[in-house]
Amino acid sequence: MRTGTLSASGLVDFYLARIAAFDKSGPLINAISWVNPVALEEARALDQELRASGPRGPLHGIPMVVKDNIDTVGMPTTAGCLALCEAYPSADAQCVARLREAGAIVLAKANMSELAASNGRFGYSSANGLTLNPYRLSRNASGSSSGTGAAVAANFAAFGLGTDSFGSVRGPACVHALTGVRPTHGLLDAEGVLPLAASFDTVGPVARCAADAAVVLDALAPGAGFSGTPTSMPGRRLGVVADFAGGNDEIDGLFLAATQTLRGAGAETIPVRLPAGARTLYTDLLGDIARAEWVFGLDSWLERLPGGAPADTSALLARMAATDVRRPVNPLTLLALRQAYETRDLPPRADRQAARRFGAMLDEIFLANGVEALVFPTLSCPASPRFDMVDATYHCRAEQPLAPMHMASAAGFPEISVPMGFTSAGVPAGVSWLGRAGSDVLLLRLASAFEQLTRHRRPPASTPPLRLG
C-alpha cells in the first residue's frame, strides 16, 4: 500500500471475489452473514487518506470480518438468530470503533452459533444456516465464532473479531489452523456485544498468525505492550498438562510432538497436575452461572435497540418460537433460553467468585512450579462431525472434549490457541498456552515463538487461490 502496488479498494474487491466463489458458491462455506454495503466506499476513502497523509498504522485499509453478535453500524446484530433480523444498532461496539479508528475496514459480519450457544449445533443459526469447516466439509467449524474462524481460514478477510465465553474463539481457531486469543477477562471492552454470561464474556481476535493477532490487540488495547519484540524459547519454563489426554490418539501424538519441539528449542517442560474438578468446570460451575446471568444481560442489551426489534427476552422467545420452520431455531438453544428465563430469579448454585477461586488454585501451580505458561491441547479430540452428517473417520473417547478451554474461562486468565498439526483426516489441531491474569503479552510472544518453530498452518484445499480476470 505504501508503494502503491496494492490498495484497500483492491483488497476489498479481492476478498469479495473469494466470498462469491467459495462462500456462496463452490464448497458453500457459508461463513458470511452480511456484507458491508459501503465497504468499497470506505476502502476508497482510506486509499485517498493514505495518499494524502500516510497510514494511520498497520491496520490502515485492512479488511476484517466481525462476529454477528458484535454491534456494527449499517448491519443488523442478529447473533445468528432470525428473530433479531431487525436489530440494527445505533453505534459500533467499542471494539469495532477502535479497529475502525485504526483504519481497519469492516468487510462483513460472520455467521455464528445461535445466540453464542452452540448446544450440539456448532456454527448453525436460524438467521444464516450452517457454517462448514473448509478443511473437511463433513466436520464442524466449532463455535460459537464459527463463521469468523472459517472466514479467516478460507481467506475471506485478513483477520476476524470473535467473542469467547467458554471457548468460542479458541475452539474455532483450533479447528481452522489459526491463532485465537482469549485475553485476560476485562482487558478488552465488551460494550456493544450481545451477552451470554458477563462473568466470562470477552472479545478476542482470530488471525492467521500470532503476529497478526498482536497487531489487532495493540489497536484494541493501546499501551498494553502488544507491539513489542518476539520472545525466544531457550530457558523458558513451561508446565505440560496431561490431565486431558486419552480422548484421541492423534491429538495425544501431536501434543507429544509439540512438547518435544519445545524441549528441542531449549525450553524446560515441567509436568504439572491440575486441581480437582478441572475437567468438570462447566457442569460444576460455569453452566449454571451462565444460566443465571443470561436473561439479565439480554434484557439490558435488547432494551437499547430501536423499534422493530424484540424489546426484552420474553419478546425474543416469542419470536424465536415462531421462526420459519424451513430454518428453525436450534431447539436446544431455545429450550435453554426458555429455562433461563423461567429461572431468572433463581441464584446460581455457585457464583463467579467460586469460579475465580479455581484461578487462585491455578496461580498456586504457576508459582509452585515456576512456570510461565501451561501448555495443553486446545480440544481433546479433533473437530466432530456436523450435527447433520455422519463421519466415520471421527474418533473421540473424551466425555467433554471442550473441557480444556473451560479453565481460562473460569479463572479469567488469558489463553491462546495456535496450530499444532493435522490429523490423518486433514483436520487441524491446536495447542493452547494458558497464562496468569495480565500475562497476555508474554503468552502471545511464547505462542508466536512456537509458531515460528513449527509453521504448521496451511490453507484449506477447498478454497484455493482464485484466478481473477
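A: The second largest pocket, with a volume of about 290 Å³, is the subject here. The model is predicted, so that local features need pLDDT of at least 70 and side-chain atom pairs pLDDT 80 or more, while totals for chains, interfaces and linings use all residues. Residues are numbered from 1 along each chain as its sequence is written, and side-chain values use heavy atoms, without hydrogens or water.

A pocket is an open set of points on a 1 Å grid over the protein atoms alone, with protein on both sides within 12 Å along at least five of seven lines; a cavity is a set where a 1.4 Å probe fits but cannot get out, and lining residues have an atom within 4 Å of a point. Points are joined across faces, edges and corners, and a volume is the space filled by probe spheres set on them.

Twenty residues line the second largest pocket, and Ala211, Ala214, Val215, Phe226 and Ser227 lie nearest its centre. Two elements, helix H6 (210-220) and helix H13 (440-454), each supply at least two lining residues (DSSP runs numbered from the N terminus: helices are H or I of at least four residues, strands E of at least two). H6 gives the most to this lining, with six residues. By class, the lining holds 12 nonpolar, five polar and three charged residues (nonpolar: Ala, Val, Leu, Ile, Met, Phe, Trp, Tyr, Cys and Pro; charged: Asp, Glu, Lys and Arg; polar: the others, Gly among them).

The chain continues past H13, and Arg455 is placed in the segment after that helix. Arg455 has a phi near 50°, a positive value in a residue other than glycine. Arg455 counts as exposed because its relative accessibility is 59% (buried is under 20%, exposed over 50%, partly exposed in between, with a 1.4 Å probe and protein chains only). A positive phi also occurs at Asn30, about 60°, although Asn30 is not a glycine. Asn30 sits in the loop between helix H1 (8-23) and strand E1 (32-35), and at 17% relative accessibility Asn30 counts as buried. Most residues other than glycine have a negative phi, and most peptide bonds are trans. A cis peptide bond, with omega of about 5°, joins Gly143 and Ser144. Ser144 belongs to the loop between strand E5 (129-130) and helix H4 (146-153).

The largest pocket has a volume of about 820 Å³. Among its 37 lining residues, Ala117, Ser118, Asn119, Tyr282 and Leu402 are the closest to its centre. Helix H5 (170-175), helix H8 (281-302) and helix H10 (331-342) are the elements that give two or more residues to that lining; H8 gives the most, with five. The lining of the largest pocket comprises 19 nonpolar, 17 polar and one charged residues.

Helix H3 (residues 94-101) contributes the most to its lining, with three residues. Its lining residues divide into three nonpolar, one polar and two charged.

Of the 86 residues in the largest nonpolar core, Leu99, Phe156, Phe159, Met233, Leu238, Trp433 and Leu444 touch the most other members (a core joins buried Ala, Val, Leu, Ile, Met, Phe, Trp, Tyr and Cys through side-chain atoms within 4.5 Å). A second, separate core of 56 residues includes Leu84, Ala87, Leu281 and Val329.

In the loop between strand E10 (268-272) and H8 lies Ala278, which counts as buried because its relative accessibility is 5%. Leaving aside residues up to four places away in sequence, Ala278 touches Phe244, Phe358, Ala403 and Met407 (contact means heavy atoms within 4.5 Å). Ala278 and Val12 stand 266 residues apart in sequence and 44 Å apart in space, C-alpha to C-alpha.
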